[in-house]
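Hello,

Here is the structure I promised to pass on to you. Have a look at it first, and then read my notes below.

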Amino acid sequence: MRRKLRLIPWLAAIPVWTASAQHDTPTLQARAFADLNYTLTQRPVAEGFRLGQIAGHLIGILSDRLTLFTEVSATPNAAGFSIEAERLFLRYDHCDLLRLSAGRYHTPISYWNTAFHHGQWLQTSTGRPDMVRGGSGLMPLHFVGVLAEGTIARAPLGLRYSVGAGNGRAANIARAGDAGDANGSRAVVASAVLSIPSEVGLSMGGSVYADRASPSATLSVDERIVSFHVARERETPEVIVEYAHIKHSPRNIASPVTYSNAAYAQLGYRLPGRAHAFKPYVRAERTRVPAQDTLFAPLRLNQEGLLGGLRVDLAPTAALKIEYRSEKFDTPLRYKTLALQLSFTFPSFSQASKAPPDPSPSSPNDVSHTAHRH
Amino acid sequence: MKRSAIVAFVLAMFTARIPFAAGAKAGHEGAIDHFAVIVHPSTSVGDVSIAQLRRVFLGEQQFWPGGSRVVLFIHEPGSGSRSVVLRQLYQMNEGEFRRYWIAKTFRDDVTTGPKIVSSTALAKRLTATIPGAIAVIPADAVDGTVKVLRVDSRLPREDAYPLASTSR
């Protein structure tokens, strides 16, 4: 409880002290995402109004090359709010080719996982695809360790890479090994994403992840995940297609090697002219886990879903989404759900701890700020 | 009678459209505004391709070859410089531009987004002062305090210079 209270000020992101990065003095920027949901569903889950996840994102620019990234979330549950340090890492930007960091990340193993994650307003739909659903355990969504990243730009292409090593999954495989490696076997991840500057927003890439998961003292499973994605973030149309293939090789029991597959395809289109605020979208998704999978089968991860919705941008940073879903899980029963969501992001802010030397901007750090003539 | 009336009607429409068409054409004829890409005088780069420039403004290239960090200045909404930057470099409208930088910052791809300036004079003063700074301003506002980059080996007002727009 005391720990939770200590973390609350992070979420509140109360006025912070900053100064200009160009002068090698610290800067802190804050942004928050939140959402409110209303759900009617045939599924055996709670209906009605639900406060979504509140995510506070802070960036501390410690020097021209050193930056601290943090993200803390508050998720409502029956007992109150559960507070989580989603991301916390310190990064040294040597150059475009090499950036080194250490801490807790969104694992660069899936497009959606790094692109949207807790930013509900950023994503078109009300929720994530099931393959990257929080707490599902299918993909290791968070990662504690070290990461090397960089961009190799050779016109007309750009290649962004990430290579990392860390603790991998905890004994609860839906969680990262925040308090240490569960089995002494480090996880490694490598990803590469190709972009074309002349086609802004278009990217395609893949990743490989290897770990040994040990959910109990008697079970140890070697895990290999290969994933691919193609994404066009521009909205006329928006296209996101992702696929993950997961191989599990049990080590100390006589169980077969199993292969699980998960994929989704989402299509959205921002309407033209006066209907510009409206963006209809559809998504199809499917997760298939073999019954013999020693790691996944108990989690009942099979899913098949089709959804359609309409996103209405009420303001530059607020959206209303209306979505209809039809889903099947581990049984032949198909559940229908109607979901409404109000999602928004608070404008970011930053302040100078001391007046930056004239003529530097008064609020220099974001597109939402304007540097005025003094 | 009926046929001649139709012919007369078509001819009338045709002749009526000539001045309209000419007027429309004349409406597109206007002065061409050229925009200069200015950088801090210490910047080691003198010539960039439009693809490189796009990468810099998109935050894909965050360091100059000399090692200094790129500092982006962009005019506030409503200015000609911003319109050219959004249309020809970002290929985005205002909403897409805002969302792009919110997403890019959220993904930790960049430490900070562009700094928004309220006037050409301020953009020029900041660019002249801050190492690594880059901005796009009207070419006729350039003076000796800043360095002008060639884009695809061309300076403003040269043929086929890419950062230009037609004012009406």
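Chain A has an average pLDDT of 86, and 86% of its residues score at least 70. Two stretches call for care: pLDDT stays under 50 over residues 1-23 of chain A, and it also stays under 50 over residues 351-374 of chain A. The model has 47 contacts beyond four places in sequence for residues 1-23 of chain A, and 59 such contacts for residues 351-374 of chain A. Where pLDDT is low, the predicted coordinates should not be read in detail.

**The two chains in outline**

Chain A has two helices and 18 strands. Of its 374 residues, 42% count as buried. Taking contacts in chain A between residues at least 6 apart in sequence, 52% join residues at least 24 apart.

Chain B has five helices and seven strands. If you trace chain B from the N terminus, its elements come in the order α-β-β-α-β-α-α-β-α-β-β-β. Buried residues account for 36% of the 168 residues in chain B. Among contacts in chain B with a separation of 6 or more, 68% are between residues 24 or more positions apart.

Strand β9 (residues 187-195) of chain A runs antiparallel to strand β10 (residues 202-216) of chain A, and eight bridges join them. Across this pair, A:Ser195 stands opposite A:Ser203 in β10(A). The hairpin of β9(A) and β10(A) has six residues between the strands, and A:Gly201 there takes a positive phi near 95 degrees.

Next, β10(A) pairs with β11(A), again in the antiparallel sense, over 13 bridges. Two residues make the link in the hairpin that joins β10(A) to β11(A). Which residue in β11(A) is the bridge partner of A:Tyr209? The partner is A:Ile225.

A:Ile225 turns up again in the largest nonpolar core, which has 45 residues. Together with A:Met131, A:Met139 and A:Ala244, A:Ile225 touches the most other members of that core. Leaving aside neighbours within four places in sequence, A:Ile225 is in contact with A:Ile109, A:Met139, A:Tyr209, A:Ala244 and A:Ile246. There is also a second, separate core of 35 residues, which includes B:Leu53, B:Phe73, B:Leu89 and B:Ile137. In soluble globular proteins, nonpolar side chains tend to be buried together.

**Some backbone details**

The peptide bond from A:Thr236 to A:Pro237 is cis, with omega near 5 degrees. You will find A:Pro237 in the loop between β11 (219-232) and β12 (238-250) of chain A.

A:His117 is not a glycine, yet its phi is positive, about 45 degrees. A:His117 sits in the loop between α2 (111-115) and β7 (142-154) of chain A. Is A:His117 buried or exposed? A:His117 is buried, because 26 other C-beta atoms lie within 10 Å and the cut-off for buried is 20 or more.

In chain B, B:Gln91 is a residue other than glycine with a positive phi, near 55 degrees. B:Gln91 lies in the loop between α3 (80-90) and α4 of chain B. With 17 other C-beta atoms within 10 Å, B:Gln91 is partly exposed.

**A helix, and where the chains touch**

Helix α4 (residues 94-106) of chain B has 13 residues and spans 18 Å from its first C-alpha to its last, close to the 18 Å expected. Buried residues in α4(B) include B:Phe97, B:Tyr100, B:Trp101 and B:Phe106. After α4(B) comes B:Asp108, with a positive phi near 65 degrees.

Where do the two chains meet? In all, 38 residues of chain B are in contact with 37 residues of chain A. On the chain B side, α2 (50-57), α4, β4 (115-117) and α5 (120-129) each supply at least two residues. α4(B) gives the largest share of that side, six residues. By class, the side of chain B that touches chain A has 15 nonpolar, 13 polar and ten charged residues.

Enjoy exploring it!

Methods. Residues numbered from 1 in each chain as written. Chains lettered and ligands numbered in written order. Predicted model: local features only at pLDDT ≥ 70, side-chain atom pairs only at ≥ 80, totals over all residues. pLDDT = per-residue confidence, 0-100. Contact = placed C-beta atoms within 7 Å. Helix = DSSP H or I, 4+ residues; strand = E, 2+ residues; numbered from the N terminus. Buried ≥ 20, exposed ≤ 12 C-beta atoms within 10 Å, placed from the backbone. Expected span 1.5 Å × (residues − 1). Core = buried A, V, L, I, M, F, W, Y, C linked by C-beta atoms within 7 Å. Nonpolar A, V, L, I, M, F, W, Y, C, P; charged D, E, K, R; others polar. Pairing = 2+ DSSP bridges.
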